[in-house]
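Trainee: I am new to this structure. Can you show me how to read it?

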Amino acid sequence: MSALDAVRARQSWSKVEDTAPTREELLTFVAAAGRVADHSSLRPWRLIELRGADREVLGAAIAKAQGDSSPSSKPLRAPLLIAVVASYRKSEKVPRWEQEAVASGVAHVLSLLLDEAGWGVIWRTGHYTRAKAVAKAHGLGKNEELLGWLYVGGKPEGKKPGRRKSVDARKLVTRLPAASTEKAKKKKKKKKKK
């Protein structure tokens, strides 16, 4: 399958079975996903693998963040959760937003690789990703933010993923406004005359 075919076939799987890639399989996918464009090679990201009881710890942290008395069952929806962490580095050249974009890129490529390998994946977020209790449960540092979790598990047999609307690329790919292009041409002509 080509990369284009894999991307076109990708779907989010909100319900998955109780199987997941092994740690070794996951490390292979992460090593590949880590090759996203990364200005100055800062690697401003890290991933946290949550399995088994780790998910219950997260459920308790989410409950605390929301003021609930009983743990959230959301983390139990998949056997493997991968917390996506933007781990910001000091840099004169690479702003914070660009570092967060790198972390997001790693997560997206990882989700594509997992999907292409036959795993069901969905990227989940929520307002509690920025809650202190949730950050503490993940052991986040001062220069880190949680961007969400990839929920990973087996694709249910016989179940098809939800339908996705096609993308009308013509509406989303534009050109510079004509006025900007004309200005640039006039400047170029003036320089040539000199």
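Mentor: We start with the whole protein and then turn to one residue. Keep in mind that this is a predicted model.

Trainee: How many helices and strands does the protein have?

Mentor: Count the elements, then read their order. The protein has seven helices and four strands. From the N terminus on, they run α-α-β-α-β-α-β-α-β-α-α.

Trainee: What share of the residues is buried?

Mentor: Buried residues are 37% of the 194. The accessible surface is about 13,100 Å², with 52% belonging to carbon and sulfur atoms.

Trainee: How do I read contacts along the sequence?

Mentor: Look at how far apart the partners are. Among contacts between residues at least 6 apart in sequence, 81% join residues at least 24 apart.

Trainee: Is Arg 10 buried or exposed, and which side chain of opposite charge is nearest?

Mentor: Arg 10 is buried, yet has no salt bridge. A salt bridge needs the charged atoms within 4 Å. The nearest side chain of opposite charge, Asp 115, is 6.0 Å away.

Trainee: Which residues does Arg 10 touch?

Mentor: Leaving out residues up to four places away in sequence, Arg 10 touches His 108, Leu 112, Asp 115 and Arg 164. Its side chain also makes a polar contact with the side chain of Ser 12, at 3.3 Å.

Note on methods
Residues are numbered from 1 along each chain as its sequence is written. This is a predicted model: local features need pLDDT of at least 70, side-chain atom pairs count only at pLDDT 80 or more; totals for chains, interfaces and linings use all residues. Side-chain values use heavy atoms; hydrogens and water are left out. Buried means under 20% relative accessible area, exposed over 50%, partly exposed in between (1.4 Å probe, protein chains only). Lys and Arg count as positive and Asp and Glu as negative; His and the chain ends are not counted. A polar contact is a pair of N or O atoms within 3.5 Å; within protein, one must be able to donate a hydrogen and the other to accept it, and residues adjacent in sequence count only if both atoms are side-chain atoms. Contact means heavy atoms within 4.5 Å. Helices (H or I, at least four residues) and strands (E, at least two) are DSSP runs, numbered from the N terminus. Accessible areas come from the Shrake-Rupley method with a 1.4 Å probe; for residues, only the protein chains shown count as cover.
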